[in-house]
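Reader: I would like to go through this structure and ask what stands behind the words used for it. Please set each value against its definition.

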Amino acid sequence: MTQAETQVPRVAVIGAGPSGLYTAEALLAGDPTVTVDVIDRLPAPYGLVRYGVAPDHLKMKSVIRALVQTFDDDRIRFLGNVTVGEDGIPGDVLHEYYHAVVYASGSDRDRDLGIEGEDLDGSVGSGAFVSWYCGHPDAVDLTPDLDRAGVVVVGAGNVALDVARVLARPAEDIAGTDAHDEVLDALRDSAITDVHVVIRRGPQHVKFTPAELRALAKLDDVEVLVHDDGVLAAGVEEPDERRMRQNIESLTAWSQDPPGAGGSRRIHLHFLRSPQRLIGENGRVSAVEVVRNEVVDSSVRATGESETFEAGLVVRAIGYSGEPIPGLPFDDDSGTVPHEEGRVMRGGEPVRGSYVTGWIKRGPTGVIGTNKSDGAETAASVLADLATLPAPAHPEPDAVVERLKEYGIEPVGWEDWLRLDAAEIQLGAERGGTDRVKIAERAAMLKAARA
Ligand SMILES: Cc1cc2nc3c(=O)[nH]c(=O)nc-3n(C[C@H](O)[C@H](O)[C@H](O)COP(=O)(O)OP(=O)(O)OC[C@H]3O[C@@H](n4cnc5c(N)ncnc54)[C@H](O)[C@@H]3O)c2cc1C
Ligand SMILES: NC(=O)c1ccc[n+]([C@@H]2O[C@H](COP(=O)([O-])OP(=O)(O)OC[C@H]3O[C@@H](n4cnc5c(N)ncnc54)[C@H](OP(=O)(O)O)[C@@H]3O)[C@@H](O)[C@H]2O)c1
């Protein structure tokens, strides 16, 4: 080992989603000597940009063109197909190879409603459902049954609208995206005609953004119906936030004049309703009983009046939670790792050498761009601490790759990913009318990466 090698600051970033890549970018920009390994459990980078952003959000996916530039720097490596934690290399082992370890592992655990019938077949969290239509290797076998006319989507965030839109819009609109053939076939064969979005509070309390809402009105052959119990007609207090005023404007107009009237599919926005019970038939969900709510001081109180929506599929789009990271503190309520400016904190003291960024740091909210300033904050903390952190026992770059072999892990490097990337682009050219078609199965991804 040369003296130069022991002195090079080495940082591992766990997670190649937006927060990991923005943090890596800020680390490289902030110190000309630092080297970064970006480690991800998947053979492909980009986290939720690849596996969360809806396939028909092509413009949003183009953020990848900016994220990819981080890898132009010789001081960064991609180590894909490497799980950190109990199913892979333990996080504490990484400290033998790096001065600092930054967790950018996101929040991919679906939250539960905690109501009867939630375990029935046909009841899924948005994390699993979105992973399926985005071709995530862990969700290829989900293949939801889209064989009934009704679907219920619970929630009033952008994810709920993504799910409603993908299920309601004509499958041919998805054909020009990166969705793989099994997803397209399922959407083409879908019997869905009515997507019921069940929203527990009023139109003035939704989390979705005006652009996402307005996108519903632009869908071909889809009518959007606002069921608000006359709340909008009676007039709601004008919200301070511009986003909310714009939403109220669209919803008020639509409550009087539904966009896409007469369309063969419908998206129903049901305000002031909470799911109370999932009703099953032969182990599979067949309907959802919802209770009507009244809003009291921005929270809801059930009125006792209920109604039922027929549904063969129920998607809970009610937010996410992070996974605890072995060896690090975890706040179960927020589903995040306690931190100060990205430094992991235990009992008021920093856990030396451990950092967090992105959703595992601040919780499952915020758009892709929010992770840039977040990543910059964490990178600044790492850079400020580097001189005080102990040098790793094995700083040579190849040492960690050797150690991974002990855990049966063969990483996918950047060149491997570029081969997989090229294979997907080739599939897109073969389908025609799309830039790429995703390869979803992990074995097929690895085969293409190592071809
Ligand atoms: C369904 C959905 C759609 C969205 N659509 C949009 C949109 O259209 N526009 C927008 O601006 N924002 C959108 N967002 C928000 C945006 O995706 C997030 O702000 C952002 O992805 C969070 O970044 P992150 O890096 O913290 O997490 P993630 O993007 O989730 O990245 C985490 C990465 O860590 C890896 N990882 C996890 N655990 C381990 C482990 N143990 N070992 C190794 N690697 C691990 C994962 O594989 C993943 O690649 C969407 C979010 C969701 C859920
Ligand atoms: N195009 C985009 O820019 C885009 C697309 C997708 C996601 N994103 C971002 O990704 C983040 C995550 O989105 P998200 O939709 O998962 O989360 P979110 O914006 O936090 O919305 C979660 C929704 O679930 C509801 N909810 C929570 N618990 C519930 C319960 N028990 N019963 C009924 N409803 C419940 C919430 O209602 P209450 O408000 O009443 O709690 C809220 O409407 C957001 O910041 C979002 O903007 C962005």
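Author: A polar side-chain atom of Lys207 lies 3.0 Å from an oxygen atom of ligand 2. The model is predicted: local features need pLDDT of at least 70, side-chain atom pairs count only at pLDDT 80 or more, and totals for chains, interfaces and linings use all residues. Residues are numbered from 1 along each chain as its sequence is written, chains are lettered from A and ligands numbered from 1 in the order in which they are written, and side-chain values use heavy atoms, with hydrogens and water left out.

Reader: What makes the pair of Lys207 and ligand 2 a polar contact?

Author: A polar contact is a pair of N or O atoms within 3.5 Å; within protein, one must be able to donate a hydrogen and the other to accept it, and residues adjacent in sequence count only if both atoms are side-chain atoms. The Lys207 pair, at 3.0 Å, meets the distance limit. An N or O atom in the side chain of Asn158 is 3.1 Å from an oxygen atom of ligand 2, and a backbone N or O atom of Gly366 is 2.7 Å from an oxygen atom of ligand 2. Taken alone, ligand 2 exposes 930 Å², of which the protein buries 83%; such areas come from the Shrake-Rupley method with a 1.4 Å probe, and for residues only the protein chains shown count as cover.

Reader: Which residues come nearest among those around ligand 2?

Author: A residue is near a molecule or strand if one of its heavy atoms lies within 4 Å of it. Around ligand 2 there are 23 residues, of which Ala156, Arg200, Arg201, Lys207 and Gly366 come nearest. The largest share of this shell, three residues, comes from α8; helices (H or I, at least four residues) and strands (E, at least two) are DSSP runs, numbered from the N terminus.

Reader: Why is ligand 1 said to lie between domain 1 and domain 2?

Author: Domain bounds come from an automatic or database domain assignment. Domain 1 (3-108 + 322-412) and domain 2 (110-320) both give residues to the shell around ligand 1, so the ligand lies between them. Backbone polar atoms approach ligand 1 as well: that of Arg41 is 3.1 Å from a nitrogen atom, while that of Leu48 is 2.9 Å from an oxygen atom. The protein buries 90% of the 1,000 Å² that ligand 1 exposes when taken alone.

Reader: Why is His196 called buried?

Author: Buried means under 20% relative accessible area, exposed over 50%, and partly exposed in between (1.4 Å probe, protein chains only). His196 has 10% relative accessibility, so the residue counts as buried. His196 is in strand β8 (residues 194-198), and a polar contact of 2.9 Å joins the side chains of His196 and His270.

Reader: Why does Pro411 count as buried?

Author: Its relative accessibility is 15%, so Pro411 counts as buried. Pro411 lies in the loop between α16 (397-406) and α17 (414-431).

Reader: How do you know that the buried residues of α18 are on the same side?

Author: Met445, Leu446, Ala448 and Ala449 are buried in helix α18 (residues 442-449). They cover an arc of only 165° around the axis, which puts them on the same side of α18; the arc is that of the directions from the helix axis to the C-beta atoms. The face turned away from the buried side of α18 carries the exposed residues Ala443 and Lys447.
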